[in-house]
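Colleague: Before I use the labels in your description, I would like to hear what each one rests on. Please show the structure and take me through the terms.

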Amino acid sequence: MSDVHGQIQDLPAHEAVAEDVRRKGLGVDASELHGLLAGYVCGGGQVTGSDWLGTVMLDEQAPRPAEGEALDTVFKATTGQLADADFGFALLLPHESQSLEQRAAGLLGWCRGFLGGFGLAAGAKPPLSEESAEALEDLGKIAGSQLSYDDPEGDEQALEEVAEFVRVAALLLHGDCVLGPARRRRLH
């Protein structure tokens with residue numbers, strides 16, 4: 001899903017997606033919704049730009065994102081980034097100008113969404129490597145974390161490291177559930 005120049009689209013700003021989510025009354029925040037979409041795609045779920053929202057929200061009545069609105073761009077950017085061989089996948093999290101607490105809450109919400117979407121698409125026993133199984137377990141621990149903020153500088157660095165771990169974990173799971181089966185089909 002690239003633009004006219006063959007470049008992978010960037011995610012829209014978190015606030016633009018958050019506003020679109022609020023306007024549509026979806027009942028999740030922008031980060032959690034992005035996690036749902038990414039988890040569903042990483043788990044091998046098949047969606048199109050017109051049906052993805054209803055599919056990941058388990059709501060056939062969910063509004064369909066209009067061409068060019070933030071939720072449409074989220075879908076195109078996410079699926080394009082996950083399909084890209086350069087591992088340019090990004091998490092949709094609150095901007096760095098937001099408080100540490102808001103950004104951490106966004107990351108935990110993203111993880112909760114990812115786990116839900118992944119489980120929905122991959123089922124109870126996905127074909128995971130040992131490394132991916134551990135990463136999935138760690139995502140569950142992160143999603144259920146209770147955070148404290150005692151050391152602002154250290155907490156800031158820790159949040160960046162955890163966010164990078166989460167990003168890589170999503171790519172690992174995508175590799176096992178989507179890229180691995182696709183390669184096996186090509187070999188046969």
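Modeller: A residue counts as buried when its relative accessible area is under 20%, and as exposed when that area is over 50%. Keep in mind that this is a predicted model.

Colleague: Then why is Val-17 called buried?

Modeller: Val-17 has a relative accessible area of 1%, and the cut-off is under 20%, so Val-17 is buried. Val-17 lies in helix H1.

Colleague: Which residues is Val-17 in contact with, leaving aside its neighbours within four places in sequence?

Modeller: With those neighbours set aside, the contacts of Val-17 are Pro-12, Ala-30, Ala-70, Leu-71, Val-74 and Leu-92. There is also a C-alpha to C-alpha distance of 9.1 Å between Val-17 and Thr-73, which are 56 residues apart in sequence.

Colleague: What makes up the contact of H2 with H4?

Modeller: From H2 come Leu-33, His-34, Leu-37, Ala-38, Val-41 and Cys-42, and from H4 come Leu-71, Val-74, Phe-75, Thr-78, Thr-79 and Leu-82. By class, nine of these residues are nonpolar, three are polar and none is charged.

Colleague: And why are H5 and H6 called oblique to each other?

Modeller: H5 and H6 pack at an angle of about 135°. Roughly antiparallel needs over 145 degrees, and roughly perpendicular ends at 115. The value of about 135° falls between these limits, so H5 and H6 are oblique. Their axes are 8 Å apart, and the crossing is left-handed.

Colleague: Which residues of H5 and H6 meet?

Modeller: Leu-108, Cys-111, Arg-112, Phe-114, Leu-115 and Phe-118 in H5 meet Leu-136, Leu-139, Gly-140, Ile-142 and Ala-143 in H6. This contact has nine nonpolar residues, one polar and one charged.

Colleague: Which residues touch the most other members of the largest nonpolar core?

Modeller: Leu-33, Trp-52 and Phe-114 do, in a core of 49 residues. The elements giving two or more residues to this core are H1, H2, H3, H4, H5, H6 and H7. H5 gives the most, with nine residues. Apart from neighbours within four places in sequence, Trp-52 is in contact with Leu-33, Leu-37, Val-47, Pro-65, Leu-71 and Phe-75.

Colleague: Where is Leu-58 found, and what is its phi?

Modeller: Leu-58 is in the loop between helix H3 (52–56) and helix H4 (70–83). Its phi is positive, about 55°, although Leu-58 is not a glycine. Most residues other than glycine have a negative phi.

Colleague: What makes Leu-58 count as exposed?

Modeller: Its relative accessibility is 67%. Exposed means over 50%, so Leu-58 counts as exposed.

Colleague: Does Phe-87 count as buried or exposed?

Modeller: Phe-87 has 53% relative accessibility. That value is over the 50% cut-off, so Phe-87 counts as exposed. Phe-87 has its place in the loop between H4 and helix H5 (100–122), and has a positive phi of about 55° although it is not a glycine.

Definitions and conventions
Residues numbered from 1 in each chain as written. Predicted model: local features only at pLDDT ≥ 70, side-chain atom pairs only at ≥ 80, totals over all residues. Heavy atoms only, no water. Helix = DSSP H or I, 4+ residues; strand = E, 2+ residues; numbered from the N terminus. Buried < 20%, exposed > 50% of the residue type's maximum accessible area, 1.4 Å probe, protein only. Contact = heavy atoms within 4.5 Å. Nonpolar A, V, L, I, M, F, W, Y, C, P; charged D, E, K, R; others polar. Core = buried A, V, L, I, M, F, W, Y, C linked by side-chain atoms within 4.5 Å. Axes fitted to C-alpha atoms, helices over the stretch in contact; angles between N-to-C directions. Parallel < 35°, antiparallel > 145°, perpendicular 65-115°, else oblique. Left-handed = near helix turned anticlockwise from the far one by under 90°.
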